[in-house]
Amino acid sequence: MITISGFIVELLFDLAGEIIGHFIPERALETKFQKNINRLKEETWFGELEKDYRYEYIIYQNSRVKRFLSSEKNIKMITSMDEERDDFINLIKEEH
């Protein structure tokens with residue numbers, strides 16, 4: 001269940017990501033993204049998610065997901081907190 005405050009925070013992060021994305025070269029984001037993907041591939045749950053071609057496409061092609069995965073903070077959260085991991089998996093499924 002998403003609360004109003006949670007929705008607002010998510011919206012603000014999306015806006016901040018868009019603004020920052022205009023100032024950071026795309027190659028820098030790709031490098032961070034690929035580094036974080038390699039880190040996530042060590043996680044069993046991510047490997048299972050990535051094996052599904054529908055979700056693999058979302059992980060590698062969806063700009064919202066790529067922005068999320070380009071953040072070191074987000075990677076730390078989804079690898080250490082079950083609730084954040086579940087939220088990320090739901091994001092992938094919703095984007096599909």
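Among contacts in the chain between residues at least 6 apart in sequence, what percentage join residues at least 24 apart?

1. The figure is 64%, where a contact means heavy atoms within 4.5 Å.

2. This is a predicted model, in which local features need pLDDT of at least 70 and side-chain atom pairs count only at pLDDT 80 or more, while totals for chains, interfaces and linings use all residues. Residues are numbered from 1 along each chain as its sequence is written, and side-chain values use heavy atoms, with hydrogens and water left out.

3. The average pLDDT (the predictor's confidence in each residue, from 0 to 100) is 83 for the chain, and 83% of the residues score at least 70. Where pLDDT is low, the predicted coordinates should not be read in detail.

4. The chain has 7 helices and 0 strands. Helices (H or I, at least four residues) and strands (E, at least two) are DSSP runs numbered from the N terminus. Of the 96 residues, 30% count as buried; buried is under 20% relative accessible area, exposed over 50% and partly exposed in between, with a 1.4 Å probe and protein chains only.

5. The largest nonpolar core holds 18 residues, and Ile-59, Leu-69, Phe-88 and Ile-92 have the most contacts inside it. Such a core is a set of buried Ala, Val, Leu, Ile, Met, Phe, Trp, Tyr and Cys residues joined through side-chain atoms within 4.5 Å. Two or more residues each come from helix H2 (26-40), helix H3 (44-51), H4, helix H5 (63-69), helix H6 (72-80) and H7. Leaving aside residues up to four places away in sequence, Leu-69 touches Ile-59 and Phe-88, and its other partners include Phe-33, Ile-37 and Ile-75.

6. The axes of H3 and H4 come within 5 Å and cross at roughly 105°. H3 is therefore roughly perpendicular to H4 (65 to 115 degrees; under 35 is roughly parallel, over 145 roughly antiparallel, the rest oblique). Axes are lines fitted to C-alpha atoms, for helices over the stretch in contact, with angles from 0 to 180 degrees between N-to-C directions. Phe-46, Leu-49, Glu-50 and Lys-51 of H3 meet Tyr-53, Tyr-55, Glu-56, Ile-59 and Tyr-60 of H4.

7. For helix H4 (residues 53-61) and helix H7 (residues 82-95), the axes come within 9 Å and cross at roughly 100°, so H4 is roughly perpendicular to H7. Tyr-55, Ile-58 and Ile-59 of H4 make this contact with Ile-92, Lys-93 and Glu-95 of H7.
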